[in-house]
Amino acid sequence: MREQSFIAGVFKQDWLNFVLTNRIPRRLATSFIGWFSKIEQPLIRDVSIGIWRLFSDLDLSEARKKTFTSLRDCFIRELKEGVRPINQDPAILVSPCDAIVGACGPIAGTDLLQVKGSWYPLEELVRDRELAESYRDGCYVTLRLTASMYHHFHAPCDCCVEQVTHIWGDTWNVNPPALARVEKLFCKNERAVIRTRVEATGQLVTLVPVAAILVAGIRLRFLDLIVDPRRSEAPAIPCKTPFRKGQEMGWFEHGSTIIVLAPKGVVLSPAVRPGSTIRMGEALLQQKN
């Protein structure tokens with residue numbers, strides 16, 4: 001534990017964290033770890049997971065499986081049934097994932113806050129002016145999944161996915177040191193734009209999973225699309241896939257971020273604030289009274 005505390009202390013130095021996780025060949029590192037994490041060799045698996053534990057608070061007690069074939073298999077682990085109860089209030093949109101809440105709150109026109117003093121235009125994030133305008137003065141939440149968290153994401157409400165767009169991009173780290181130093185970071189990274197129509201209200205709620213350095217891949221269970229920086233950008237894909245609240249939509253192959261966009265009339269749930277931790281299924285957004 002002393003070694004883990006020392007490593008954690010080193011990585012709390014923002015400048016050093018930024019250099020070590022960003023000022024490297026990001027695509028090369030991402031491709032290598034993507035390959036390495038799939039190696040199904042017991043010694044490599046055990047050493048890799050052991051090193052991972054040194055750098056994080058990895059907790060596998062909720063995992064459905066107790067043994068894993070590879071580092072990747074551990075990254076994308078599923079959870080035991082029932083460990084993430086879903087808030088069933090129809091007026092509530094639940095968190096699609098386990099996360100630390102980042103910037104959140106009202107959308108300023110069509111601009112979103114990245115970190116204090118740094119804004120980015122929604123149109124650059126989603127690459128669609130009409131879609132960006134539909135969220136004018138709406139509400140948003142930035143959800144950061146750390147490397148040790150459960151990496152699957154789920155439907156925030158009963159809804160239907162209408163379209164998915166893959167946007168090609170970089171693989172900057174998405175942690176606070178990088179967000180403070182890289183302008184419009186979310187608009188630079190690999191990402192998907194998932195448009196969903198809320199069954200109860202007809203409102204358009206969009207999820208934007210953003211990939212990051214190392215494994216980076218985003219997998220969508222309902223669509224034959226792999227959002228991966230090693231693949232070319234795909235056009236917008238129309239679809240009509242229904243989901244029940246809490247149903248799995250896909251997963252990350254490493255910690256990353258999901259930005260949730262909601263229209264005017266939707267607000268943050270009372271417990272949601274920057275820096276708070278939220279679990280999949282807990283109240284995230286709600287209709288304004």
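In this predicted model, Leu268 has Leu285 in strand β17 as its bridge partner, and this contact belongs to the pairing of β15 with β17 (residues 283-287), which runs in the antiparallel sense over three bridges. Both strands are part of an open sheet of three strands, arranged in the order β1-β17-β15 with antiparallel pairing. Because β1 (92-94) and β15 (266-268) stand at the edges of this sheet and each has a single partner strand, one side of each is left without a neighbour in the sheet. Neighbouring strands here are turned by 30° against each other on average, when direction is ignored.

A further set of pairings can be followed from strand β2, which covers residues 99-106 and pairs with strand β16 (residues 277-278) in the antiparallel sense over two bridges. Within that pairing, Ile100 has Thr277 of β16 as its bridge partner. Strand β2 also pairs with strand β5 (residues 139-144), again in the antiparallel sense, over five bridges, and in this pairing Val101 stands opposite Leu143 of β5.

Is Val47 buried, exposed or partly exposed? Its relative accessible area is 44%, so Val47 counts as partly exposed, a term for values that lie between the limit of under 20% for buried and that of over 50% for exposed.

Conventions: Residues are numbered from 1 along each chain as its sequence is written. This is a predicted model: local features need pLDDT of at least 70, side-chain atom pairs count only at pLDDT 80 or more; totals for chains, interfaces and linings use all residues. Side-chain values use heavy atoms; hydrogens and water are left out. Two strands pair if DSSP finds at least two bridges between them. Helices (H or I, at least four residues) and strands (E, at least two) are DSSP runs, numbered from the N terminus. Buried means under 20% relative accessible area, exposed over 50%, partly exposed in between (1.4 Å probe, protein chains only). Axes are lines fitted to C-alpha atoms, for helices over the stretch in contact, and angles run from 0 to 180 degrees between N-to-C directions.
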